[in-house]
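I opened this model to see how the chain is put together. These are my notes, in the order in which I looked things up.

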Amino acid sequence: MNLKNHSILTWLLLVIFSQSVFSQKSPKNVIFLIGDGMGLAQIYSGMMANRNHLELERCTYSGFSKTYSADNFTTDSGAGGTALACGVKTKNHMIGMNPDSIAVQSILEEASKNKLATGIVVSCALTHATPASYIAHQVNREMNEEIASDYLKTDIDVFIGGGRKYFEDRTDSRNLTKELKAKNYQIVYKLDDVKAIKSGKLAGLLYEDQNPGMPERASMLPDATQSALNILSNNKKGFFLMVEGSQIDWGGHNNNSTQVIKEMLDFDQTIGKALDFAKQDGNTLVIITADHETGGMSITEGKVGTDQMKILFSTKNHSGIPVPIFAYGPGAENFTGFMENISFKAKIERLLKLKK
Ligand code: MG
Ligand code: ZN
């Protein structure tokens with residue numbers, strides 16, 4: 001090959017290389033939505049009952065997540081949440097720790113250290129296993145007061161949910177609300193007050209203990225998610241927001257398909273808010289998955305596009321089957337096929353270019 005051909009070849013290779021590098025789109029923001037106990041039957045029953053449509057159908061990529069924990073074929077929400085948040089398989093009931101009880105940094109904590117804005121919005125107590133996995137490090141999910149205290153150890157910008165008593169009416173003498181105020185948090189107790197806040201740090205302690213179910217909770221989850229997006233998107237460096245539809249799981253434990261469907265549709269409304277934001281923003285990756293399936297739910301018969309379905313449950317507990325993943329926005333193509341539940345963290349780390 002002569003010199004001229006060689007330089008043309010080099011130039012061509014450079015063009016191909018740079019195109020492959022620059023075509024890998026990176027998001028600025030990530031919204032991670034967890035439907036607790038949300039398997040395919042929970043999704044499909046909601047879709048049928050909602051005239052054969054869900055907002056999550058707008059997602060362009062999908063896959064499956066393997067949910068087993070370090071010590072059990074069938075995970076709980078502690079080990080399931082810890083896998084999604086911290087990227088480690090741990091023992092059931094543990095929060096933000098590996099099986100040797102050593103704390104592992106969550107993706108939310110890492111995003112916060114990298115100066116991204118961060119938030120948690122849930123339809124249960126803020127100390128419950130799933131949100132706890134993103135913010136706390138405790139050997140047992142039942143340690144509600146210790147988990148509440150762990151919110152003070154972070155720089156999380158927005159958290160909205162229930163569980164006020166674990167912050168204010170504690171067995172030790174601490175009043176965490178006072179301590180949060182000293183850290184410049186705005187503390188609110190009503191959804192209307194959440195909606196009025198447009199910037200700064202916010203702790204929304206909306207219920208004494210667990211949030212009520214649907215329809216009593218009304219638009220709490222989608223509205224609080226919208227408020228969190230409004231506040232977090234003020235940060236020019238980007239944000240990480242975790243949102244949980246917490247009570248799909250409770251419908252599964254109760255073997256109550258009506259409850260599952262109501263909670264599924266509330267979560268889907270919330271997914272719609274996230275997808276609307278991402279569509280308009282253009283730099284936001286939305287990921288939707290579950291920590292596990294609950295109830296071993298199946299649908300054997302039905303009438304398409306209606307709530308007339310024969311729905312069966314095979315357990316009052318969780319099942320061990322994989323759960324679906326849906327993704328939308330820049331980087332969504334990374335969340336396809338069969339994934340381990342521990343691989344979300346590293347993928348988000350890489351996409352958001354976070355330093356450990
Ligand atoms: Mg949960
Ligand atoms: Zn459960």
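I began with terms: helices (H or I, at least four residues) and strands (E, at least two) are DSSP runs, numbered from the N terminus. With that I placed asparagine 184 in the loop between helix 8 (176–182) and strand 5 (185–188).

Then I noted the ground rules. The model is predicted, so local features need pLDDT of at least 70 and side-chain atom pairs count only at pLDDT 80 or more, while totals for chains, interfaces and linings use all residues. Residues are numbered from 1 along each chain as its sequence is written, chains are lettered from A and ligands numbered from 1 in the order in which they are written, and side-chain values use heavy atoms, with hydrogens and water left out.

Entry: the whole chain.
I counted 13 helices and 14 strands in the protein chain. I looked up the radius of gyration, taken over C-alpha atoms, and the globule rule, 2.2 Å times the number of residues to the power 0.38. For 356 residues a compact globule would come to near 21 Å, and the protein chain has 21 Å, so the two agree. Along the principal axes, the C-alpha atoms fill a box of roughly 80 × 55 × 45 Å.

I took buried as under 20% relative accessible area, exposed as over 50% and partly exposed as in between (1.4 Å probe, protein chains only). By this cut-off 56% of the 356 residues are buried. I counted a contact when heavy atoms lie within 4.5 Å. Of the contacts between residues at least 6 apart in sequence, 72% join residues at least 24 apart.

Entry: helix 3.
How many residues of helix 3 (residues 77–86) are buried? I found 10 of the 10 buried, so helix 3 is largely enclosed by the rest of the structure. Among the elements that cover its buried residues I listed strand 1 (29–35), helix 4 (107–113), strand 8 (284–289) and helix 13 (343–351).

At the N-terminal end of helix 3 I found aspartate 76 as a cap, with a side-chain oxygen 3.1 Å from the backbone nitrogen of glycine 78. Just after helix 3, glycine 87 has a positive phi of about 75 degrees.

Entry: arginine 141.
I located arginine 141 in the loop between helix 5 (129–135) and helix 6 (144–151). Its relative accessible area is 17%, so arginine 141 counts as buried. I looked for polar contacts, meaning a pair of N or O atoms within 3.5 Å; within protein, one must be able to donate a hydrogen and the other to accept it, and residues adjacent in sequence count only if both atoms are side-chain atoms. The side chains of arginine 141 and aspartate 76 make one at 2.9 Å. Leaving out residues up to four places away in sequence, I listed what arginine 141 touches, including Ser77, Gly78, His93 and Ile147.

Entry: backbone angles.
Most residues other than glycine have a negative phi, and most peptide bonds are trans. I noted serine 101 with a positive phi near 65 degrees, in the loop between helix 3 and helix 4. Serine 101 is partly exposed because its relative accessibility is 36%. Asparagine 184 also has a positive phi, near 70 degrees, and is exposed at a relative accessible area of 62%.

Last, I looked up a cis peptide bond, which joins methionine 214 and proline 215 with omega about 10 degrees. Proline 215 is in the loop between strand 6 (201–207) and helix 10 (220–232).
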